Amino acid sequence: MEGIMMKHKDEYAVAVRKPDGEIIVEKDTYRSIVGNAKKLTQIPFIRGIFNFIDSMVLGIKTLTFSASFFEEEEEQKELTQEETEKQEKMEKWLMRGTVAFSVVIAVAIFMVLPYFLSSFLESRIPSYHVRTVIEGFIRIGIFILYVLLISRMKDIQRTFMYHGAEHKCINCIEHGLPLTVENVRSSSRQHKRCGTSFLFFVLAISIILLFLIQVESTGMRVLVRILLLPVIAGISYEVLKLAGNTDNPVINVLSKPGLAIQKLTTKEPDDRMIEVAIQAVEAVFDWRAYERENFDTADDL
């Protein structure tokens, strides 16, 4: 809420503009859910699964942090060390429960529901493969409808504006421009490595895999859609990573639908939002060193 989270390697920073206008920046190190088994986050087609979960956990954590500045001010007694530790444990379990609940709801709405909706066509369309393709388009339609509905909420509209500021900062740096409000303002709000594009790849790749895997019973079909989700996420992550590191014409074409949907999930930010985004970037990333190393035009930075 009213802020930006930027992550670079293991470090992340959250910049939030408080109700009084002050920008607060918190920087920390994120510890992956894999613990000491960090190699799991480096193995192709497996790393995407853990990076996806890590993103959800970190997203909820930073959202909770930002929301704390907008809660109603109440008199709070000072907590003892024991009470503080107990509260932290409760918050961790609450976060885990929220992540688990979010995953269950997402699977139910975007994986299971489209299957049952497409199954109503079985009497008219006997071909399993045709219905699977229709199911995929229903899934994409539900996702777009979901984005359109939540974008009508005032808080989400501002979140999408901050999302645009995040992309603009990254594009500004990746084009070798000094990270100023003016340069960020003129940069694109679309980016090929966006989470929105990742979700589109998940939806699109699910069509291909489910088209290839055919089972007979309804129960098995539902189970396959659930069990395949980590595989789909792993493949989608690799496609997204490739898309962000190449200008191959074929990859660019595959990226276009995700970029188009980003027009819904990003909005043009105002200058105050851009200022917040710049502070979040500068807390974890030395953009000047990056541009000196990668762009001739950055010699005077």
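Hi everyone, let me start with a definition: buried means under 20% relative accessible area, exposed means over 50%, and partly exposed lies in between, with a 1.4 Å probe and protein chains only. What we have here is a predicted model, where local features need pLDDT of at least 70, side-chain atom pairs count only at pLDDT 80 or more, and totals for chains, interfaces and linings use all residues. Residues are numbered from 1 along each chain as its sequence is written, and side-chain values use heavy atoms, leaving out hydrogens and water.

With that in hand, take lysine 92: at a relative accessible area of 52%, this residue is exposed. Lysine 92 sits in helix 2; helices here are DSSP runs of H or I with at least four residues, strands are runs of E with at least two, and both are numbered from the N terminus.

Now the surface. Arg31, Lys61, Lys89, Lys92 and Arg96 form a positive patch. Patch members have over 30% relative accessible area and no salt bridge, with like charges joined within 9 Å; a salt bridge would be a side-chain nitrogen of Lys or Arg within 4 Å of a carboxyl oxygen of Asp or Glu. Which element gives the most to the positive patch? Helix 2, residues 81-119, with 3 residues.

On to the strands. Strand 1 (residues 3-8) and strand 2 (residues 11-17) pair antiparallel over 6 bridges, where pairing takes at least two DSSP bridges. Histidine 8 stands opposite glutamate 11. The two strands make a hairpin with 2 residues between them, and lysine 9 in the turn has a positive phi of about 60°. Lysine 9 is also exposed, at 68% relative accessible area.

Definitions and conventions. Patches are made of residues with over 30% relative accessible area and no salt bridge: like charges are joined within 9 Å, nonpolar side chains (Val, Leu, Ile, Met, Phe, Trp, Tyr) within 5 Å. Accessible areas come from the Shrake-Rupley method with a 1.4 Å probe; for residues, only the protein chains shown count as cover. Lys and Arg count as positive and Asp and Glu as negative; His and the chain ends are not counted. The place of a charge is taken as NZ of Lys, CZ of Arg, CG of Asp or CD of Glu.
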